[in-house]
Amino acid sequence: MNAPVLEVENLVKHFPAGRATVHAVNDVSFSLRAGETLGLVGESGSGKSTIGRCVTRLLHPSGGRIRFLGQDITDLPESACRPLREKMQIVFQDPWSALNPRMRIGDLIAEPLLLHTRLSRAERRDRAVALAHRVRLTTELLGRFPAELSGGQLQRVCIARAIATAPRLIVLDEPTSSLDLSVRAGILDLLAELRAETGTAMIFISHDLGTVKLICDRILVLYLGTVVEESPAAALFADPVHPYAQALISAHLPADPAAVLHRHVLEGDVPSPINLPPGCGFSGRCPVAIPRCATIAPGLDPVSPDHRAACLRIADGGNRIR
């Protein structure tokens, strides 16, 4: 079997907050192989975007290990990270803020080629045209500025930039959240096509569970910066095990309007990442919690060969929300 493109072991990321510390990511581990798409889901503040920025080294991890194509990149200085940018890219949620408004679209698409290749100006221009066609943008748009394009067109520009150097890993941070349904469908078709053609590994961060179900092979469910469940996408949507994952998946609206919904509405607020609670971080909101859940931190244990969850109640069968 091919070696993983990305290996993350016990990733930790803290942010200073005055005299306190924000525990944004806590002991997260996973691996990603070529052609695989991993989904990161969870409430806002669960650490999804922070993980994406750490694995691409836009943020320096506070702890743990990150290996990209077999190389440990955890503590590389920024100067040593720059050559890696050719093989790892990120697409941000807001294309308007991700693109230089004073550059023309053709120059924006060609910029990674200028930074990471020795192509001539004419070769970069030809490559930019080919990339624009690949993401279904017309040649006429290459002479325009970002303000003259729609949100969907700008996101296609960002994807064209991301794939310009044939990266081995692309992190997509909410790439479709600001787009309408028809444009969103086009972006998802494009991503699936690119993955099939190039074998690029992808991390897909999203609150849109329908999109995650459609595009991802595996899913990590995050709560308070910790993985509470890791599962193949189909298995997670069919039978989530962790109580938080059950509540999260129950919020997904199926395409069939006649489908019977079984919503699990959680009470209470997410604990502060500055003062993490002892035991299971979800115990204060969990409808099936027992006293020891508040004192014992569960491990991420196997449910099946490719399915893991972190819940003490799995052993006694009390993990199901009724």
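Here is a walk through a sheet and some of the helices in this predicted model. Local features need pLDDT of at least 70 and side-chain atom pairs count only at pLDDT 80 or more, while totals for chains, interfaces and linings use all residues. Residues are numbered from 1 along each chain as its sequence is written, and side-chain values use heavy atoms, leaving out hydrogens and water.

Let's start with the sheet. Four strands make an open, antiparallel sheet in the order β2-β1-β4-β5 (strands are DSSP E runs of at least two residues, helices are H or I runs of at least four, numbered from the N terminus; two strands pair if DSSP finds at least two bridges between them). At the edges sit β2 (20-32) and β5 (71-72), each pairing on one side only. β5 is joined to β4 (residues 63-68) by two antiparallel bridges, and Asp 72 in β5 is the bridge partner of Arg 67.

Now for α5, which covers residues 121-134. Its 14 residues reach 20 Å from first C-alpha to last, close to the 20 Å expected at 1.5 Å a residue (that is, 1.5 Å times one less than the number of residues). Buried here are Arg 124, Ala 128, Leu 131 and Ala 132 (under 20% relative accessible area, with a 1.4 Å probe and protein chains only; exposed is over 50%, partly exposed in between). Looking down the axis of α5, these buried residues fall within an arc of 100°, so they line one face of the helix (the arc is taken from the directions from helix axis to C-beta atoms). They pack against α4 (105-116) and α6 (151-163), where contact means heavy atoms within 4.5 Å. After α5 comes Arg 136, with a positive phi near 65°.
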